[in-house]
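Please look through the model below with this note beside it. The points can be taken in order.

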Amino acid sequence: QVQLVESGGGFVQPGGSLRLSCAPSQTRYGAYVWGWFRQVPGKQREMVATITPGGQTNYAASLKDRFTISRDTDNGTIYHDMRDLDADDTAYYYCNARHKVAPSRDYWGQGTQVTVSS
C-alpha cells in the first residue's frame with residue numbers, strides 16, 4: 001500500500017506562485033506514474049500533471065506553461081510548482097500514484113485546497 005500526504009496548499013493572490021508537495025510512504029517509486037489532479041465542485045477531477053519513473057512529464061495542455069511537476073529522487077517526494085495563478089486554478093488538489101503494470105493499484109492522497117483570490 002502507498003500512502004500519500006499532500007501539503008503546501010493555501011491562499012494565494014492572483015499572479016502568485018505556490019509549491020505543492022506529496023510525500024509518499026515508501027521511496028520505491030519506480031513502478032508508478034505519479035501525478036497531480038484537481039477537482040472543483042460540479043466538475044470532474046482532471047489531470048494537471050504526471051511524471052514517470054524516468055522523469056518524463058505530461059501536463060494538461062492549458063497549464064503546460066505555468067505548472068511544473070518534479071521529483072526528489074532521494075526520498076520520492078513529488079513537487080508541483082505553480083505560477084501565474086488565477087481564480088480558475090482554485091481547486092482541491094490531489095496527489096496520485098498509479099502502478100504502471102497493475103493500474104488497479106491506484107492511490108490517492110487526502111488532497112490540499114488551493115484558493116486563488118485577491
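1. Basis. This is a predicted model, in which local features need pLDDT of at least 70, side-chain atom pairs count only at pLDDT 80 or more, and totals for chains, interfaces and linings use all residues. Residues are numbered from 1 along each chain as its sequence is written, and side-chain values use heavy atoms, with hydrogens and water left out.

2. Secondary structure. The protein has zero helices and 11 strands. Helices (H or I, at least four residues) and strands (E, at least two) are DSSP runs, numbered from the N terminus. In sequence order the pattern reads β-β-β-β-β-β-β-β-β-β-β. The radius of gyration is 14 Å, close to the 13 Å that the globule rule gives for 118 residues, so the protein is as compact as a globular protein of that length. That radius is taken over C-alpha atoms, and the globule rule is 2.2 Å times the number of residues to the power 0.38.

3. Extent and surface. The C-alpha trace spans about 40 × 30 × 25 Å along its principal axes. Of the 118 residues, 43% are buried. Buried means under 20% relative accessible area, exposed means over 50%, and partly exposed lies in between (1.4 Å probe, protein chains only).

4. Contacts along the chain. Among contacts with a separation of 6 or more, 53% are between residues 24 or more positions apart. A contact here means heavy atoms within 4.5 Å.

5. Strand β9. Seven of its nine residues are buried, so β9 is largely enclosed by the rest of the structure. Two strands count as paired if DSSP finds at least two bridges between them. β9 pairs with β4 in the antiparallel sense over eight bridges, and Phe37 stands opposite Tyr94 there. Three bridges join β9 to β11 (residues 112–116), again antiparallel, with Tyr92 opposite Gln113. Three bridges also join β9 to β10, which run antiparallel; here Ala97 stands opposite Tyr107.

6. Ile51 has Thr57 as its bridge partner in β6. The hairpin of β5 and β6 has five residues between the strands, and Gly55 takes a positive phi near 95° in it.

7. Aromatic rings. How many aromatic pairs does the structure hold? There are five. Rings of Phe, Tyr and Trp (its six-membered ring) pair if their centres lie within 6.5 Å; planes under 30 degrees apart count as stacked, over 60 as edge-to-face and the rest as tilted. Phe37 and Trp108 make an edge-to-face pair, 5.0 Å centre to centre with 70° between the planes. This pair links distant parts of the chain, since Phe37 is in β4 (residues 32–39) and Trp108 is in β10 (residues 106–108), 71 residues apart. Phe37 counts as buried at 14% relative accessibility, whereas Trp108, at 30%, counts as partly exposed. Ring pairs link Phe37, Tyr92, Tyr94 and Trp108 into a cluster.

8. A charge over two of these rings. The charged end of Arg45 sits over the ring of Tyr94, 4.0 Å from its centre. Arg45 also lies over the face of Trp108, at 4.5 Å from the ring centre. The test is that NZ of Lys or CZ of Arg is within 6 Å of the ring centre and within 35 degrees of the ring normal.

9. Asp84. Most residues other than glycine have a negative phi. Asp84 has a positive phi, near 50°. Where is Asp84 found? With a relative accessible area of 47%, Asp84 is partly exposed.
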